[in-house]
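We will take a short walk through it, one selection at a time.

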Amino acid sequence: MWKEKLKFYDKLIDTNPNFERKGKTMPYTSANGYMFSQLNKAGEIGIRLPKEQGAQFMKEHETTVFKSYGAVMKEYVLVPEKLWEDLELLSSYLNDAYVYVMSLPQKRSKK
């Protein structure tokens with residue numbers, strides 16, 4: 001079941017050439033030093049949106065905040081599985097998440 005969800009997550013990421021999946025045990029995308037999407041161990045997708053857009057997304061799609069490893073991920077919304085059926089719309093939200101993290105001050109690498 002999780003592998004099927006990982007395949008879908010990869011398919012979603014492949015919709016935009018700017019996105020690259022990272023992480024072996026915890027798949028995620030990042031840009032500008034910030035993660036902007038993640039597939040948790042429960043097989044749920046979370047995307048990071050600006051506060052107002054995240055609130056609108058949760059209201060519109062009847063969903064909630066995204067949790068990973070039991071922790072609420074700040075600025076992340078849980079993508080409801082019914083939205084997985086509309087890859088184009090979901091891809092546009094993922095692009096919004098990318099644009100959002102690119103607007104943040106660049107994070108320095110810890111390496």
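Here is what to select at each stop, and what you will find there.

This is a predicted model, in which local features need pLDDT of at least 70 and side-chain atom pairs count only at pLDDT 80 or more, while totals for chains, interfaces and linings use all residues. Residues are numbered from 1 along each chain as its sequence is written, and side-chain values use heavy atoms, leaving out hydrogens and water.

**Stop 1: helix H1**

Select residues 2-13, helix H1. Helices (H or I, at least four residues) and strands (E, at least two) are DSSP runs, numbered from the N terminus. Now colour Lys5, Leu6, Phe8, Tyr9, Leu12 and Ile13, the buried residues of H1. Buried means under 20% relative accessible area, exposed over 50%, and partly exposed in between (1.4 Å probe, protein chains only). Look down the axis: the buried residues fall within an arc of 160°, so they line one face of the helix. That arc is taken from the directions from the helix axis to the C-beta atoms.

**Stop 2: the nonpolar core**

Next, select Phe36, Ile45, Ile47, Phe57 and Val79; of the 26 residues in the largest nonpolar core, these touch the most other members. Such a core is a set of buried Ala, Val, Leu, Ile, Met, Phe, Trp, Tyr and Cys residues joined through side-chain atoms within 4.5 Å. Helix H3 (87-103) is one of the elements that give two or more residues to this core, and the largest share, seven residues, comes from H3.

Centre on Ile47: its contacts (heavy atoms within 4.5 Å) include Phe36, Phe57, Val79 and Tyr93.

**Stop 3: helix H3**

Stay with H3 and pick out its buried residues, among them Leu90, Tyr93, Leu94 and Ala97. They pack against H1, E1, E2, E3, helix H2 (51-60) and E5.

**Stop 4: the largest pocket**

Finally, select Tyr28, Ser30, Gly33, Tyr34, Met35, Arg48, Met73, Tyr76 and Lys107, which line the largest pocket. On a 1 Å grid over the protein atoms alone, a pocket is an open set of points where a 1.4 Å probe fits, with protein on both sides within 12 Å along at least five of seven lines; lining residues have an atom within 4 Å of a point. E1, E2 and strand E5 (71-78) each give two or more residues to the lining.

How values were computed
Lists of a residue's contacts leave out its neighbours within four places in sequence.
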